[in-house]
Amino acid sequence: MRKKRWVPWVLVGPALLIIVLTTIYPLLAALYFSFHKYNLRRPAQFAIQIGENGIHIDWNLLSLNNYALAFNDSRFINSLYVTFWFTVISVALSVIIGLFIAVIVQKGGRLHTLTKVLLIFPFAVSPALKGFSWRFMLNEEYGIYDLLIDQLIVAPINALLSIINALPLVEIPLISESIVWLGDKFWALFMLAMSETWGWAPLIALMFVGALGSIDEQIYEAARIDGANRLQIFFRVTLPLLRSVILIVTMLKTIFSLKMFDQVVTMTGGGPVRATQTINYYIHQIGFVRSLDIGYASAMSYILVVVLTVCAALYVSLVLNRD
Amino acid sequence: MYFRKIVCLLTLVVFLALPFAAVSAQDIMDPATFGLDASKPYDGTQLSFLICCSAAPQFASAAVKGDAEFTAMTGISVSWGDLPFGSFQEQLYLEATNPNTEFDVVAFVDAWGTNIYDFLHPLNDFVMDAGIDWDDYGPAYQSASTGNTDTIFGLPFRGHPLLLHYRADVLDAVGMDPPATWQDVSAIGQAISDSGMDIAPIAMYYGLNVDQNLFNWYSHLWGAGTDIFDENWEPIFNNEIGVAATEQYISYVRDGNSPDASVAWNEQEANTELVQGRAAMFVGWWWMASNMINSEVAEVADNASFAPAPGWEGGETTSYGYLWAVGILDQSDDRDAALEYLKWLTHPITERRIVLDDTPGLDTNVAVRLSVLADEEVNEVHNGLQGVASAVLADARTIPLIPEYTDIVPFLAEAINELATDPMADTQDVLDRTAEDVRFVMQAAGYYDG
């Protein structure tokens, strides 16, 4: 039978068209803008000009100035630094807490099944709403997290310190009960990462539950026969077998963490000072809120695209290797 | 001093109220009342109005109550695009710069307007032809509508003076009058702390949130006698007076008169402290007055009191008059119909009706015209709030209205936030560093050429 070569194109055509319009075109347009001095406040002059005599390219209008500016902009450098630390904290917490949850809920039983179903809910909450909720819950006057942290963590530690201080040997200062979570540079970034972890750790837990279920029970049985205790089984059997899944979720979470934006807007506003200004937040401020400098915002976006592309390539290679 | 101003303004009420008194329900449906074309030349036209927060009473009232009447008189229907405040600025810029935008009429905050002036239809001829009394708007609102130029880019639509919201019972308990100056605020704070009352003297907001931490800083700067820029656009907020004004502004949290948490609060969170009875004073926009008046804490609602925002001891009482203006996009295909809409929307009768309506969910005290602010019936309904607002607006001013100011504001807001969050930060150092950043932006924009 003769192959109809056009059939595959017809089948993938609509999807391809949507990808071109919503992904390829914006990517190419942003790349093009990034080489221009393009500010929404002023009429833009672009290198490619279409006139009566056809298409003309004015090479003088193209430059790498926006890229040079980015690496001389202390605020952009700050946003790289903030994004790096946010990513490290949020990825580490999400993976560790996710794994911890997975180990707890992996067993059968109705309660465990119900818990697994409920785990998806935090991930389903919109990031913007997550930010508002966390801001509210961290409020020093009426926030539930603030109250819980004070009562369950700070108060017992202070009670212990008071006992130690009663001894004539040392004088350890008590922890202030009035930590302004979003008014302190370290805590604001940490809490921003926690809000992200709150949504992601359960999803990662579900991924780990699937991976844990695929480990052959005989391997555990053999370890037990060899005299391994629970901790040894976890660290020497379970973790090595989960290695590829850990790498995959780490890369996936890293990609999402590098793009952090919504909670910064609704939870911290980038503050205190610049302590939570992530790259995406800064790009948005430059492009659409403050300077309306689309050229510069596009250049910074492309720097982020390069970082994300490296991460995505690693992610894809990990997934393929696993398969 | 403001009481004298109130008295003067109220004496005008009788004369100003006369034309309104003559307006009957039938007149409200008469196109001639608003100067509208009775022949309905734009019948069937659909206008799109880009505006935020249409659920907020100050905006909802006009949308819910009036547009149907306007449509009946003109045949023009108006669709309000509702956007949350947080994303409105971005959308405004995108729509204004989009040659194919669907929007005809746009509402914009003073500071944001500077970036879209080139895309707005000048309204000078319209104001003259429609017989709009330009002097019925205070100087701060006039400046904000024109960007301190001769071109009218928008008509004042909703405007906000800064008021002191305070608990009369707390101040009575410590035997103090409402503060006329910021130094009085500190003195009252000390008195409240000394009294042992379990309430914060004042709830300030130093957090980074849409630059709200600058609102009261401006009052300190201007009151003390300095400014953001000098006449050559050189930053001067870091001079000796600016440092003193900023130190006074930060002192409320550093001295314990404002809660530690206020370093991260936004305006709404600070207002909540007052409304829920945990703070005795708050300085914020007058549209928030209803929060205190309607507080569910009885002692808060019963003692809700308002006065002009404090000034500087021995200096001025100048605060920021914040304006929402309404303009027409140059690229609108229905510009004439949009102008008809502006006649009705900004007409003093429309404004007065909105502010007199006490329908739950629609009640608002917000008016911008001096004649409406001085209206006796309006003041009676709102317990004289408009009179207090008039007194504030007489001395109010606007912020620097240059496009680059939106670039500069983050530096200023971050400086204030740094001083509030870091007790060891030196005011002079932080302001000097910020002034360098500001100068860099201005230099890049060509302000110092030649």
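How many helices and strands does chain A have? Chain A has 13 helices and 2 strands, where helices (H or I, at least four residues) and strands (E, at least two) are DSSP runs numbered from the N terminus. This is a predicted model, in which local features need pLDDT of at least 70, side-chain atom pairs count only at pLDDT 80 or more, and totals for chains, interfaces and linings use all residues. Residues are numbered from 1 along each chain as its sequence is written, and chains are lettered from A and ligands numbered from 1 in the order in which they are written.

**View 1. Chain A as a whole.** The C-alpha atoms of chain A fill a box of roughly 90 × 70 × 30 Å along the principal axes. The radius of gyration of chain A is 26 Å, while a compact globule of 323 residues would have a value near 20 Å; the radius is taken over C-alpha atoms, and the globule rule is 2.2 Å times the number of residues to the power 0.38. Of the 323 residues of chain A, 31% count as buried. A residue is buried if 20 or more other C-beta atoms lie within 10 Å of its own, exposed if 12 or fewer, and partly exposed in between, with C-beta atoms placed from the backbone. Among contacts in chain A between residues at least 6 apart in sequence, those joining residues at least 24 apart make up 73%; two residues are in contact if their C-beta atoms, placed from the backbone, lie within 7 Å.

**View 2. Helices α8 and α10 of chain A.** Helix α8 (residues 185–213) of chain A packs against helix α10 (residues 230–258) of chain A at an angle of about 155°, and their axes are 11 Å apart. Axes are lines fitted to C-alpha atoms, for helices over the stretch in contact, and angles run from 0 to 180 degrees between N-to-C directions. α8(A) and α10(A) are therefore roughly antiparallel to each other; angles under 35 degrees count as roughly parallel, over 145 as roughly antiparallel, 65 to 115 as roughly perpendicular and the rest as oblique. The crossing of α8(A) and α10(A) is right-handed, a crossing being left-handed if the near helix is turned anticlockwise from the far one by less than a right angle, and right-handed if clockwise. Residues of α8(A) in this contact include A:Glu196, A:Trp200 and A:Phe208, and those of α10(A) include A:Leu242, A:Val249 and A:Lys253. By class, the contact of α8(A) with α10(A) has 8 nonpolar, 1 polar and 2 charged residues. Ala, Val, Leu, Ile, Met, Phe, Trp, Tyr, Cys and Pro count as nonpolar, Asp, Glu, Lys and Arg as charged, and the others, Gly among them, as polar.

**View 3. Helices α3 and α8 of chain A.** Helix α3 (residues 74–105) of chain A and α8(A) have axes that come within 6 Å and cross at roughly 40°. The two helices α3(A) and α8(A) are therefore oblique to each other, and the crossing is right-handed. The contact of α3(A) with α8(A) divides into 24 nonpolar, 4 polar and 1 charged residues.

**View 4. Two loops of chain A.** A:Ser214 sits in the loop between α8 and α9 (217–225) of chain A. With 9 C-beta neighbours inside 10 Å, A:Ser214 counts as exposed. The C-alpha atom of A:Ser214 is separated by 35 Å from that of A:Leu16, 198 residues away along the chain. In the loop between α11 (262–268) and α12 (279–289) of chain A lies A:Pro272, which a cis peptide bond joins to A:Gly271, with omega about 0°.

**View 5. Positive phi in two loops of chain B.** Most residues other than glycine have a negative phi, and most peptide bonds are trans. Phi of B:Lys40 is near 50°, and B:Lys40 is found in the loop between α4 (31–34) and β1 (46–52) of chain B. B:Lys40 counts as partly exposed, with 16 C-beta neighbours inside 10 Å. B:Asn148, in the loop between α9 (139–146) and β4 (155–160) of chain B, has a phi near 60°. With 13 other C-beta atoms within 10 Å, B:Asn148 is partly exposed.

**View 6. The side of chain B that touches chain A.** Contacts link 23 residues of chain B with 20 residues of chain A. On the side of chain B that touches chain A, α6 (85–96) and α22 (405–421) of chain B each supply at least two residues. The largest share, 7 residues, comes from α22(B). The residues of this side of chain B divide into 7 nonpolar, 9 polar and 7 charged.
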